[in-house]
Amino acid sequence: MKADARDPVDDKSGNTRRETESPRTSPAPVMVAADNTGSASPTTGSDAKVVGDGDFLPADELNAEPAVADLPVPSRNNGSGATSGEAAASRKRWGMAPVRWGGTLSVGLRHNSSENSTASTAQVYEARLRANSYIWKPYIALVSGDFALTTVRTKESGDIASNNLIGTSVTGSGSLSLFPQSRFPFNASLAVSDSRSEGSFSDSNVKQTRLSLRQDYRPQLGQWSAAAGYDRSELTGTFGSDTVDRVFGNYSNTLGKHSVNLSGDFSNSRTVDQSSKNYFLGAIHGYSFSDELSLNTNASITGQQFDLGSQGISSTAKTQSTQIFSYANWTPMDSKWRGSANLRYFQTSNTIRGASFENRTLGGAASATYQASRNLNFFGTVGLNVDSNRRTNSNQSLGVSYTGDPLRLGSYDYTWFSSASVANATSGEGSAFRSLNGSLGHSLVRSWQLSEQTLLNGSLNQSITNSRTTGLGSSSTTTLGHGASLSMQANAGDRLTGYLSASFSDSRTRGDAASNFQLLNVQLTGNWRIDGNSELDSNLTWQWSRQQSENLNQPVVLIDEFGRPLFREDTSRTGNTSLSGGVGYGHRRFLGIRGLRYRLDFRANTNRDDSRRFGNPDALREQDRATLDLDQRLFYRIGRLDTELQYRIAEIEGQRNQLIFFRVIREFGSF
């Protein structure tokens, strides 16, 4: 008689199970207790990618509490009547948790050339192993590791002896996430990298060690949360060492109409010839009396200490500032009046080579506006400041503005505006000045609907302003300003989302203080899915500015070759061009070849970046940072064999650098 699939069947251990059910093994960490509802079965199968993948519990079982019957009960004696199978079932078993693992073996050839150093060629051999798992049932803790052994053989151009220059380094990373789905997750990570095994520019071996610790907490009941952490970044190379240590914490809470936020940050940056310490303590308090009246207060303490040492000469500079700023906004719903007021305290102290400077300022200001009509608006301000020497400064101003109703001129919208104001300022030394300002301007705007998804906007504006001051430093100036802008916005669903804009402004001032200023700004941002295999993304900003100023009241006296004085107007000219952001392009089937992938990345940051010196552990050294960087890569994969060709050009410290890196990678396992 054929047994029913639902009938119990005895296994070898004496336990009973149903034939259609397989015994379940509870996942375990390095040492984890298994569930006693079934016997263990060895892992079978030829898939080496995941060990025990079926033992990862679904999300709805992560918080399941063990039943009392599941807990082990010690036996009082062997003759209590329990069978051997029951005794085995009551004992907890321990074993390895399921592990996802994989790795790579790679060999590469790298050629690096620079305008300020000799070219070098290196052979790079690397073996890497990666794995992740969990500890004590999913998911009390998640762990992952990345271990690599790198060997580099370097040869510099024209140097025969350097053929035997071999370097070996151990790199990798590891992370621990403790109670990741709880109210108090803890995260820790440690990473060690070597510039020789990466597609980065470096005159020599640069190693980076990065440690990050973070603890978060939020209560089961309540509206507050807190976090604290520690970061450490260490760079080592021919320049010596560059280390940044940072400790931070924050706390936020909401109690009814009150909101509080506290934050603190301390960092210590050390290099061979200098060190700096930076700290910040801040507090923000907000209180909402009603929908019409709110009060906010910001308080902060910041400080820096710089220790410079060069050629046996050392110097120290310290600076500390304290600031308290409290402001209130009054915006009644059914009134034409609006008002605001603020109270501020600022203190700063500086010590440079033993000399100390300190200043304190206490001040307040208030402003009010009256919206007489949709077009007409009146405003006024009053302010008072007192410094540490008990000198009092005050200022008052009254003004009016009028904006005309928009006029429709064919496809264009025309608007004009005007304003006038009078101001008075006095100082504790008895000096005072008064000013009268007036301005008049107009603008013209038009929009073009190029398609259902593309909109083009253009505008022109012009304004003229006249300012006259009397009293101390009396002057009279007239400023004529012009501006133009053009922007295009495209939104074609998932395929295209982009924004392109260009704006230009020109300001020319004539009178007692003549000056000229021009500014051109171009911005490109968005994402464009060209087809099913290629995609373009960008976030790039280019800005150009030029300024020229003249002081006709203070001419410069020069002496020619015959000793005769020459009078020349004091003229200064400055200009600046900056580029920031990046553009990326990717193709998953380059040149129509299946499996051939192409990636282009252009990154730019021409502004100076000293954030590492001020405690940012993720920033690069200014001497090693590329201001312009073009990185191109080709990838081709056949099965588990992957090849990569990289060509990179970058500008570092005004010098051009080139890098060619070819690498073949063989994968095993899976990660």
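Modeller: A strand here is a DSSP run of E with at least two residues, numbered from the N terminus. In this predicted model, the chain has one helix and 34 strands.

Biologist: Why is Leu176 called partly exposed?

Modeller: Partly exposed is the range between buried, under 20%, and exposed, over 50%. Leu176 has 31% relative accessibility, so Leu176 is placed in that range.

Biologist: What makes the contact of Arg246 and Asp231 a salt bridge?

Modeller: The nitrogen of Lys or Arg must be within 4 Å of a carboxyl oxygen of Asp or Glu. For the side chains of Arg246 and Asp231, the N to O value is 3.1 Å, and they form a salt bridge. This pair links distant parts of the chain, with Arg246 in strand 13 and Asp231 in strand 12, 15 residues apart. By this rule there are 26 salt bridges.

Biologist: How do you know that Asp537 and Arg599 form a salt bridge?

Modeller: Their closest N and O atoms are 3.7 Å apart, and the limit is within 4 Å. Asp537 sits in strand 29 and Arg599 in strand 31, so the pair ties together parts 62 residues apart in sequence. Asp537 is partly exposed at 27% relative accessibility, and Arg599 is partly exposed with a relative accessible area of 28%.

Biologist: Which residues are linked in a network of salt bridges?

Modeller: That network links Arg603, Asp629, Asp631, Arg633, Glu644, Arg648 and Arg663.

Biologist: How do you know that strand 25 and strand 26 pair?

Modeller: Pairing takes at least two bridges. Strand 25 and strand 26 have 16 bridges and run in the antiparallel sense. One example is Ile464, whose bridge partner in strand 26 is Leu480. Strand 26 is also joined to strand 27 by 15 bridges, again antiparallel. There Ala484 stands opposite Phe504 in strand 27.

Biologist: What lies between strand 26 and strand 27?

Modeller: Their hairpin has four residues between the strands, and Gly493 takes a positive phi near 70° in it.

Note on methods. Residues numbered from 1 in each chain as written. Predicted model: local features only at pLDDT ≥ 70, side-chain atom pairs only at ≥ 80, totals over all residues. Heavy atoms only, no water. Buried < 20%, exposed > 50% of the residue type's maximum accessible area, 1.4 Å probe, protein only.
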